[in-house]
Amino acid sequence: MSGFIRRCAGVILVLLGVMILIFVVLRIIPGNPAAVLLNEHVNKETIERLTASMNLDKPLPEQFFLYLSGALKGDLGQSYYMKQPVTALVLQAFPYTVKLTVFAAAFAWIFGIGVGVISAIHHDRLPDYLFRGVSLLGISVPVFMIALFLQYLFYFKFSLLPLVYDGSIVSMILPAIALGWNSAGSVARLTRSSLMEQFNEPYLDTAMAKGLTSRQAILSHGLKNAMVPVITMLALQLSSMLSGAVITESVFGIAGLGKLALSAVETRDMPLLQGTVLFSAFIISIGNIISDFINTCMDPRLRV
Amino acid sequence: MNDDKLLEIKDLTVSIKQEKEMMPVVNGIDITIPDHSIIGLVGESGCGKSMTAKSINHILPSFAKITSGSMLWHEPSGQVCDLVTLKEKDIRKRCGTDVAMIFQEPMTSLNPLMCIGDQIKEVLMIHKLEKSQDRAKARVIEMLDAVEIPDPAVRYRAYPHELSGGMRQRAMIAMAMIANPKLLIADEPTTALDVTTQAQILDLIKKMCETHSMSALIITHNMGIVSTLCDYVYVMYLGTIMEEALTDELFRNPMHPYTRGLLSSIPRMGDNPEFLETLPGNIPVNKEKFRGCRFCLRCSDDIKKCFFEEAPLHKVSDDHYVRCHVAAGKED
């Protein structure tokens, strides 16, 4: 329990650090956001009036304090460009990202763990070579390539699936595969190596001496042990997917967190960018705590 | 000793794959395990004793294979079955129920993510010896009690890392015994334990053999264990049986220079403490096929013949055989 409290305190520290960092970085970038917003041909007074209304004329520590006290109340400021509260925008975008993540993660895990297990059981034989090639492709090909390739193949060539996301589940298939592809590759490789490490463990001999066949022993005893590092990786991947997939969401036109962050960058919308980054950091921190929790449930040696 | 045979290992050869060549590590050994008796198999590390044990229930590592020989299992009904020729599915039916095994390292031999009770219960479930989970659990707790684990109902839920080495080995013994096997193979059962625990575990194994009228094959490098536990002993060196005899006979009248070396390596109270007797040299690397006696390079009384010709197993008496030219010569 004290460990849990310590972890939560850690999360708060991380979030504070992220806030300071993003705040400072955005202020270092030259150029006045008010001027960008109004575009260059507006007279000076208008720009100054807007600058003042955005609190940008105040000293930096005061600006930060204002931001922090707002954030504690759940108010992440007003988006310059969209003229809406950042909190509302983030919460609007988040469900799309969640939906994409659920599909992508499901694909990555089922595919990744499945391929990894088959590879390990048939190691150094044909299925293994084949799957190792596929998972290497999974890790090394960038997301946008996969996304474009999938669109080409399934929309232009065979017109089986929609080009972009239109709200239907079918249109979520391609984005999910594109986003899950990389994770599937790394999950497959980790599952394979982790399971093969178990092959020499004496407890598998014990399981066979009890009367399990070697395959049963590997799948019932070995796989559970092999899953410990894989689960950690899965949880980390899950939280990084949940924090927004910029490329996938842009290519397939999904109005999720990644797309929101991208548009914030494009329009120099500082409050919105701060808000999305902070929210992502929050999700990733929570993801880490959850992965620790799952590991503790699985591995009794971690319970103190 | 009993004359009814339980398991007869005949001319067993186990080979390992080395650079695409099969290299024998167990060379045509014969071991007979009678009913209700404890047999010892003694030798240094790497002599092939573990390979012999693992070949019985087909858990050899993937690079090792039984290349010849037979292992005849005598059923109580009188039927004989060769374990070597069994398919995986059929040998697994016998594992746990006919042949059980305990290992050297009780920490790594138990699944760290499962509580010991469930691991023991699994034996009953695999072989469908108990249909109800509750009945099975009760039997496991009974068994934990029988192997003298205190507070068995609580310990049922203990994970391996929560138990001491001795307790873990007791749990392993409970797992081996739960389905009443006819043969227990114990591969260095006490090597990883401290001395006081060793004695308790050996006592327990002996007690279990008596109460369950079971035979045991004890694999060890420790002559002390052999003398307290075993009825009959096989001494193995580089994959070959060098000497076999009733335990008393072997300790009274060791004939092979290797057996004598092993026996004189046991430190005794009151001996000259500055000098501990050891066997000279190391186990040679078994690279090419050698025609002579495997032990001749480390032997103190070898003769020329030893280099060119392997000695046959010479019968000293009905309960004593030795594979040595010199010892055989002395006898004549």
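Me: Where does helix α1 of chain B lie, and how does it run to β1(B)?
Reply: In this predicted model, helix α1 of chain B, which covers residues 49-56, lies across β1, β2 and β4 of chain B, and it runs at about 115° to β1(B).

Me: Which strands form the open sheet in chain B, and in what order?
Reply: Four strands form the open sheet, in the order β2-β1-β4-β5 of chain B, and their pairing is antiparallel. The edge strands are β2 (21-34) and β5 of chain B, each of which pairs on one side only. On average, and with direction ignored, neighbouring strands of this sheet are turned by 5° against each other.

Me: What do strands in a sheet pair through?
Reply: Strands of a sheet pair through backbone hydrogen bonds, and they can do so either parallel or antiparallel.

Me: OK, how many bridges join β1 to β4 in chain B?
Reply: Eight bridges join strand β1 (residues 5-18) to strand β4 (residues 64-74) of chain B, with the two strands running antiparallel. To follow the pairing on the structure, you could look for I16(B), whose bridge partner in β4(B) is A64(B), and for I9(B), whose bridge partner in β4(B) is M71(B).

Me: And what about β4(B) with β5(B), how many bridges there?
Reply: Three bridges join β4(B) to strand β5 (residues 80-82) of chain B, and these strands run antiparallel. Within that pairing, H74(B) has V80(B) in β5(B) as its bridge partner. β4(B) and β5(B) form a hairpin with five residues between them, and in the turn G78(B) has a positive phi of about 100°.

Me: Changing topic, which domains does chain B have?
Reply: The domain assignment of chain B gives domain 1, made of 1-98 + 181-290, and domain 2, which is 108-180. The C-alpha centres of these domains of chain B lie 26 Å apart.

Me: Now over to chain A: at what angle do α5 and α12 pack?
Reply: Helix α5 (residues 86-121) and helix α12 (residues 257-266) of chain A pack at an angle of about 135°, with their axes 7 Å apart. That angle is why α5(A) counts as oblique to α12(A).

Me: Which residues meet there?
Reply: From α5(A), the residues L89(A), V90(A), A93(A), F94(A) and T97(A) meet L257(A), G258(A) and L260(A) in α12(A). By class, this contact of α5(A) with α12(A) has six nonpolar, two polar and no charged residues.

Terms used:
Residues are numbered from 1 along each chain as its sequence is written. Chains are lettered from A and ligands numbered from 1 in the order in which they are written. This is a predicted model: local features need pLDDT of at least 70, side-chain atom pairs count only at pLDDT 80 or more; totals for chains, interfaces and linings use all residues. Two strands pair if DSSP finds at least two bridges between them. Axes are lines fitted to C-alpha atoms, for helices over the stretch in contact, and angles run from 0 to 180 degrees between N-to-C directions. Angles under 35 degrees count as roughly parallel, over 145 as roughly antiparallel, 65 to 115 as roughly perpendicular and the rest as oblique. Two residues are in contact if their C-beta atoms, placed from the backbone, lie within 7 Å. Ala, Val, Leu, Ile, Met, Phe, Trp, Tyr, Cys and Pro count as nonpolar, Asp, Glu, Lys and Arg as charged, and the others, Gly among them, as polar. Domain bounds come from an automatic or database domain assignment.
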